[in-house]
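Reader: I have a structure open here and want a quick walk through it. Can you take my questions as they come?

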Amino acid sequence: MLEGKTVLLGVSGSIAAYKTAYLASALKKLKADVHVLMTPNAVNFINPITFEELTGNKCLVDTFDRNFEYSVEHVSLAKKADVVMIAPASANVIGKIAHGIADDMLTTTVMACGCKKIIAPAMNTRMFENPIVQDNINTLKKYGYEVISPAVGYLACGDTGAGKMPEPELLLEYILQEAACDKDMKGLKVLVTAGPTKEMIDPVRYITNHSTGKMGYAIARVCARRGAEVTLVSGQTALKAPEFVHTVWITSAKEMFNEVIARAEDQDIIIKAAAVADYRPKQISSEKIKKENAQTGQEEEKILALERTGDILAYLGEYKRAGQFLCGFAMETQNLLENARRKLEKKHLDMIVANSLREEGAGFGGDTNVATLVTEDEEVSLGKMSKEETAAHILDKILAQMKSRGRED
Ligand code: CTP
């Protein structure tokens, strides 16, 4: 995902430095060329050899105690960097960069970098809240640095408050957002739906399905990485809301209907990956339904009357504005392509992503999918691949379709 990308990690003196080792390792697994620069203080918290082993690159500590090659290396590194992250960023390093002080390998390199620079402050709460530090952070923001808010929690010094460096997974998201994809969706507004809906029967029970939301969340994440402005309307899932995406939570099909329709007009692309209930109980009992009949006291068979929910996608297809791209999903157990094509036509869609529950590697919950992209005149089968890769192919196809449609208009 980061093949061919150069990531510079700046590490300054803070106990959180050990977390950067996890980040360096995760970046390396995604095939980035990772270079770590440490302040002289940082080596008191973690040994440069750790980073050298993890990245396969020399860890650069300072400009003056090394040979000539290293003193020019920081400039060539600065030139080829795609993104720089300083994590942990101490109050000292923040202050120095904010005031143009470049007196070691890390600060001189950052000064020479033209790419995006991301700062993850990590320090004691009282230091973080100090107005001088806050002023310095604002100065960095003013110059286009992205500053990640520190997490709130128990700090190594024993205090509780803001100042903890966020976990490496979150730091990685910021780097991926910056460097993983070309921004070929910049300027586009995309609405994605994901996850299951829940239809209440009584205060205790509900009807739902096996959707975990993974496919829709992957689409939302990849859209954001490609520069789109993304809204995710999601049913209740066990997943964390994706970063850089505006997430709206819903429970029932009706709530999803209302939230999607309220935002539909504005969107350039709508992708409906949610597993929306087609039916809901005709009546929701306000009390828990008992096994026994209230009059006879006998246990009885129950028949649950169901009514149709509003079909969101069909509604969107009917009222679609010119130029809007509508993509549905069809999960089937038989006659995959016939059923998918029928839905494409009936709901006036531009594309439908068909996947079969019978196919190994497709379906609910897993991290892979096996999908076929069905458009008016084509069926493109994607092999088994991760949901993020499937998302990338879906988006490539949508952009290609929109482009060729633009040419026809
Ligand atoms: N969908 C929707 N609103 C509904 C039901 C489904 O927007 N009330 C969307 C889903 O998000 C998905 C597509 O429609 O993109 C699925 O089509 P659908 O015909 O509803 O398929 P199933 O729900 O699987 O129903 P069936 O196969 O029984 O026709």
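Author: Ask away; we can start with the whole chain and then go into the parts.

Reader: What kind of model is this, and how many helices and strands does the protein chain have?

Author: The model is predicted. The protein chain has 13 helices and 21 strands. Its C-alpha trace spans about 85 × 60 × 40 Å along the principal axes.

Reader: How much of the protein chain counts as buried?

Author: Of its 409 residues, 49% count as buried. Take contacts between residues at least 6 apart in sequence: 67% of them join residues at least 24 apart.

Reader: Sheets next. In what order do the eight strands of the open sheet run?

Author: The order is S12-S11-S8-S13-S16-S17-S19-S20, with mixed pairing. Strand S12 (246-249) and strand S20 (378-381) are the edges, each pairing on one side only. From one strand to the next, the twist averages 15°.

Reader: How does S19 pair with S20?

Author: They run antiparallel, and four bridges join them. Strand S19 covers residues 371-375. Thr375 stands opposite Glu378 in S20.

Reader: Which strands does helix H12 lie across?

Author: Helix H12 (residues 336-346) lies across strand S16 (325-332), strand S17 (351-356), S19 and S20. It runs at about 155° to S17.

Reader: What about the loop between S16 and H12? Which residue there has a positive phi?

Author: Asn335 is found in that loop. Its phi is near 45°, a positive value in a residue other than glycine. Most residues other than glycine have a negative phi, and most peptide bonds are trans.

Reader: What does S3 pair with?

Author: Strand S1 (residues 6-11) pairs with S3 in the parallel sense over four bridges. Leu9 stands opposite Met85 in S3. S3 also runs parallel to strand S4 (residues 116-121), joined by five bridges. There, Val84 stands opposite Lys117 in S4.

Reader: Switch to helix H10. Why does its span agree with its length?

Author: Helix H10 (residues 253-264) has 12 residues, which at 1.5 Å a residue should span 16 Å. Its end C-alpha atoms are 16 Å apart, so the two agree.

Reader: Which residues of H10 are buried?

Author: Ala253, Met256, Val260 and Ala264. They cover an arc of only 60° around the axis, which puts them on the same side of H10. An α-helix has 3.6 residues a turn, so residues three or four places apart point the same way. On the other side of H10, Lys254 and Ala262 are exposed.

Reader: What covers the buried residues of H10?

Author: The cover includes strand S8 (189-194), strand S9 (199-200), strand S11 (229-234), strand S13 (269-272) and helix H11 (312-318).

Reader: Now the largest nonpolar core. Which residues touch the most other members?

Author: Met185, Ile219, Ile269, Ile271, Ile394 and Ile398, out of 35 residues in that core. Elements that each supply at least two residues include S8, helix H9 (214-225), S11, S13 and helix H13 (387-408). The largest share, eight residues, comes from H9.

Reader: What is Ile219 in contact with?

Author: Leaving aside neighbours within four places in sequence, Ile219 is in contact with Val192, Ile271, Phe329, Ala391, Ile394 and Leu395. Another core, of 34 residues, lies apart from the largest one. Its members include Ala16, Ala21, Leu23 and Leu171.

Reader: Last one. Asn136: buried or exposed?

Author: Asn136 counts as buried, because its relative accessibility is 9%. It lies in helix H7 (residues 131-142). Not counting residues up to four places away in sequence, Asn136 touches Ile94, Gly95, Ala98 and His99.

Terms used. Residues numbered from 1 in each chain as written. Predicted model: local features only at pLDDT ≥ 70, side-chain atom pairs only at ≥ 80, totals over all residues. Heavy atoms only, no water. Pairing = 2+ DSSP bridges. Axes fitted to C-alpha atoms, helices over the stretch in contact; angles between N-to-C directions. Contact = heavy atoms within 4.5 Å. Expected span 1.5 Å × (residues − 1). Buried < 20%, exposed > 50% of the residue type's maximum accessible area, 1.4 Å probe, protein only. Arc of directions from axis to C-beta. Core = buried A, V, L, I, M, F, W, Y, C linked by side-chain atoms within 4.5 Å.
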